Amino acid sequence: MLVLALETSCDETSASVVNDKNVILSNIVSSSQELFESTGGVVPEVAARKQVEYVLPVIDTALSKARVSLKDINYLAVTVGPGLIGSLFVGVSATKTLSLIINKPIIPVNHLLGHIFSVFVKEYQGTFLQKTLPEFPLLSLVVSGGHTDLVLLKNPKEIIYLGGTRDDAVGEAFDKVARMLGLSKYLGGPKISQKAKEFELQNKKTKINFPRPLMDSDNYDFSFSGLKTAVLRYLESTSNFNISEVAYAFEEAVVEVLLYKLKKAYDTFKPKSVSIVGGVSANSKLREKALDLFEHNLFLPPLYLCGDNAGMIGIASSYYFNTSTTNLSKINPNPSLSLQKPFDK
Ligand code: KG4
Ligand code: ZN
């Protein structure tokens with residue numbers, strides 16, 4: 001069984017061929033990210049225009065890299081939300097057109113479930129990744145540029161929402177602090193991480209102690225806007241600050257809060273597996289500390305599957321074959337899809 005999956009929810013245009021044995025045969029990602037370094041954020045219309053340009057070549061490359069042609073495809077899968085409406089439309093329209101051409105059903109996929117299933121890959125473009133997959137119940141922390149959610153999956157269809165951010169997403173906080181520090185105008189997470197490592201290598205202790213918001217609250221919610229403001233106040237009140245030290249202290253605070261809440265949920269719900277997924281799961285401090293905390297039960301995506309890609313959408317879709325349809329009027333973008341209402345019902 002072969003699935004051709006498309007992901008166009010933000011500034012990536014991605015196509016992938018996967019099979020129903022958790023194997024990604026090809027995963028092509030084209031990004032317009034560099035266009036937004038000067039604007040300091042995605043300009044939705046520009047992103048969508050680029051996606052119209054990229055979508056067909058990306059599909060062609062994904063098919064040829066997997067050494068298959070359109071007639072070999074059994075199912076189509078596409079991200080229907082959450083995301084930017086114009087961007088989602090590009091992927092959804094392309095998928096509907098393909099469905100008409102090859103007369104195959106479409107599986108609509110929630111982008112956040114895509115991230116969750118990014119740890120369910122056994123083989124990636126010819127490289128063996130893992131034999132054992134996460135088991136259910138699975139506790140999953142989704143940390144990306146737009147989302148911070150903690151969910152318990154009893155199985156792929158029964159998802160209990162435990163908590164999420166009340167304001168900024170964690171990736172957004174990384175990006176805003178990177179901007180404050182003059183490190184990057186857009187997608188500054190990796191830059192913060194790099195600077196924090198530089199400070200760590202100096203073997204110095206920091207006296208900066210940023211707040212750990214909602215750490216003691218009796219729930220699984222997060223808040224990052226106060227932390228971001230605390231960084232701003234520190235920068236305003238300190239004439240001679242050390243950028244790498246601030247990056248280090250900020251990263252420490254974020255990682256501590258995330259892992260504290262994740263461990264609390266783990267001890268309460270005693271899941272069989274635990275995972276951290278999404279763009280921010282590429283953060284090395286978060287990965288190292290999480291591995292110390294959970295060891296064998298922890299699943300982390302390989303770095304190339306942390307960011308947005310169609311491979312994870314294809315793998316997720318194979319857990320939802322029963323939602324496939326050839327009724328194209330039922331496949332529509334939904335920018336506000338969430339993990340609270342994961343299936344748009
Ligand atoms: O999942 P993703 O690629 O896109 C969304 O669906 O939002 O996540 C992108 C986010 C950005 O905020 C980026 O700065 C952050 O992930 N990010 C990181 C790292 N790599 C990417 N944050 C912290 N440390 C990193 N190494
Ligand atoms: Zn994402």
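G164 counts as buried, at 5% relative accessibility, where buried means under 20% relative accessible area, exposed over 50%, and partly exposed in between (1.4 Å probe, protein chains only). The model is a predicted one, in which local features need pLDDT of at least 70 and side-chain atom pairs count only at pLDDT 80 or more, while totals for chains, interfaces and linings use all residues. Residues are numbered from 1 along each chain as its sequence is written, chains are lettered from A and ligands numbered from 1 in the order in which they are written, and side-chain values use heavy atoms, with hydrogens and water left out.

**Surroundings of G164**

- G164 belongs to strand β10 (residues 158-164); helices (H or I, at least four residues) and strands (E, at least two) are DSSP runs, numbered from the N terminus.
- Leaving aside neighbours within four places in sequence, G164 is in contact with T148, D149, Y220, D221 and F222, contact meaning heavy atoms within 4.5 Å.
- Between the C-alpha atoms of G164 and V18 the separation is 30 Å, and the two residues are 146 residues apart along the chain.

**Domains**

- The protein chain is divided into domain 1 (2-129 + 304-330) and domain 2 (138-301); these bounds come from an automatic or database domain assignment.
- A distance of 27 Å lies between the C-alpha centres of domain 1 and domain 2.
- Across the boundary, 23 residues of domain 1 are in contact with 25 residues of domain 2.

**The seven-stranded sheet**

- Seven strands form an open sheet with mixed pairing, in the order β5-β4-β1-β2-β3-β6-β7; two strands pair if DSSP finds at least two bridges between them.
- The edges are held by β5 and β7 (127-128), each of which has a single partner strand, so one side of each is left without a neighbour in the sheet.
- Strands β1 (residues 2-7) and β2 (residues 12-19) are antiparallel and pair over six bridges; V3 stands opposite V18 in β2.
- The pairing of β1 with β4 is parallel and runs over four bridges, and here the bridge partner of V3 in β4 is Y75.
- Strand β4 (residues 75-81) and β5 run parallel and are joined by five bridges. Within β5, I107 is the bridge partner of A77, and I106 stands opposite L76.
- Seven of the seven residues of β4 are buried, so β4 is largely enclosed by the rest of the structure.
- Strand β5 (residues 106-110) is mostly covered, four of its five residues being buried.
- A right-handed β-α-β unit is made by β4, helix α2 (residues 85-102) and β5; a crossover is right-handed if, with the strands pointing away from the viewer, the path from the first strand over the helix to the second runs clockwise.

- H111, in helix α3 (residues 111-116), and D308, in the loop between β12 (298-299) and α9 (310-317), are 197 residues apart, and the pair links distant parts of the chain.
- Both H111 and D308 are buried.

**Backbone features**

- Most residues other than glycine have a negative phi, and most peptide bonds are trans.
- G81 and P82 are joined by a cis peptide bond with omega about -5°; P82 is placed in the loop between β4 and α2.
- A cis peptide bond also joins F136 and P137, with omega about 0°, and P137 is found in the loop between β7 and β8 (138-143).
- Q125, which is not a glycine, has a positive phi of about 45°. Q125 is in the loop between β6 (123-124) and β7 and is partly exposed, with a relative accessible area of 25%.
- L187 likewise has a positive phi, near 50°. L187 lies in the loop between α4 (170-180) and α5 (189-201), where L187 is partly exposed with a relative accessible area of 33%.
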